[in-house]
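Subject: Structure for your files

Hello,

Please find the structure below. Notes on what was found in it follow.

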Amino acid sequence: MKSKACMAAIILWIMTVTAVGWLFVKGWTTEGSDGRAEILLAPVERDQILAEMRLLLKAVDGIIRGLGEPLPDLKAMEAAARGAGMDMARDVEPTIMAKLPLPFKQMGMSIHKDMDALADAIAQSESSQQILQRLSSMTARCTTCHDMYRFGASR
Ligand code: HEC
């Protein structure tokens, strides 16, 4: 009797660990109507991430605009990159984090890390070409992630 209860506890434990591990890797997703993985977020959570996305595009815009100027405003470009750095990522709530698939989190975090590195590079007066190279390695990730995922609304 005792060993049966013990067995049941072990099975339950394995199931829980598997479920948590599965959620950690796959996130809260389903297949979207266009074939991309659809991450199911509550409407406010989706709004929050989309607002973050628009800030990312503003950061990219700020840097490219700066590069296009004959006399780039390095301070403004540095601030644009820094604004999309790791500080931005720290605001994301754990409940949202739990629903995001592992590759999504990895790509997202790498963008924030690289934005900080880009801000440092601008402060150290790297050449326009080097700055563009850093930026394009990030925009490649923007498009990769957009090809893989979309957001859907859940309760
Ligand atoms: C880790 C994945 C990921 C990365 C990296 C990423 N995005 Fe997104 N982004 C998404 C998803 C998912 C959506 C929602 C797409 C959908 O539902 O069709 C989105 C939407 C957007 C939107 C639309 C916002 C709105 O209000 O509808 C913009 C703009 C955007 N992203 C810009 C960017 C830029 C610029 C970068 C790179 C600097 C970037 N994203 C990197 C996943 C990502």
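**Iron site**

Met53 (SD) and His146 (NE2) coordinate the iron atom of the ligand at 2.0 to 2.3 Å. Donors here are N, O and S atoms within 2.8 Å of the metal (3.2 Å for Na, K and Ca), and water is not among the atoms, so sites may look incomplete. Met53 is in helix α2 and His146 in helix α7, 93 residues apart, so the pair links distant parts of the chain. Helices (H or I, at least four residues) and strands (E, at least two) are DSSP runs, numbered from the N terminus.

The iron site is octahedral, with angles of 87 to 179° among its 6 donor atoms. For six donors, that class requires opposite donors over 155 degrees apart and all others between 65 and 115. Ideal angles for six octahedral donors are 90 or 180 degrees.

The model is predicted: local features need pLDDT of at least 70 and side-chain atom pairs pLDDT 80 or more, while totals for chains, interfaces and linings use all residues. Residues are numbered from 1 along each chain as its sequence is written, and side-chain values use heavy atoms, without hydrogens and water.

The shell around the ligand holds 18 residues, of which Met53, Arg54, Cys142, Cys145 and His146 come nearest (near: a heavy atom within 4 Å). By class, 12 are nonpolar, 2 polar and 4 charged. Helix α2 gives the largest share, 6 residues.

Polar contacts (N or O pairs within 3.5 Å) to ligand oxygen atoms come from the side chains of Arg54, at 2.6 Å, and Arg36, at 3.1 Å. A polar side-chain atom of His146 is 2.8 Å from a nitrogen atom of the ligand.

**Backbone**

Ser125, in the loop between α6 and α7, has a positive phi of about 55° although it is not a glycine. Most residues other than glycine have a negative phi.

Regards

Key: A polar contact is a pair of N or O atoms within 3.5 Å; within protein, one must be able to donate a hydrogen and the other to accept it, and residues adjacent in sequence count only if both atoms are side-chain atoms. Ala, Val, Leu, Ile, Met, Phe, Trp, Tyr, Cys and Pro count as nonpolar, Asp, Glu, Lys and Arg as charged, and the others, Gly among them, as polar. Four donors count as tetrahedral if all angles lie between 85 and 135 degrees; four count as square planar and six as octahedral if opposite donors are over 155 degrees apart and all others between 65 and 115; anything else is irregular.
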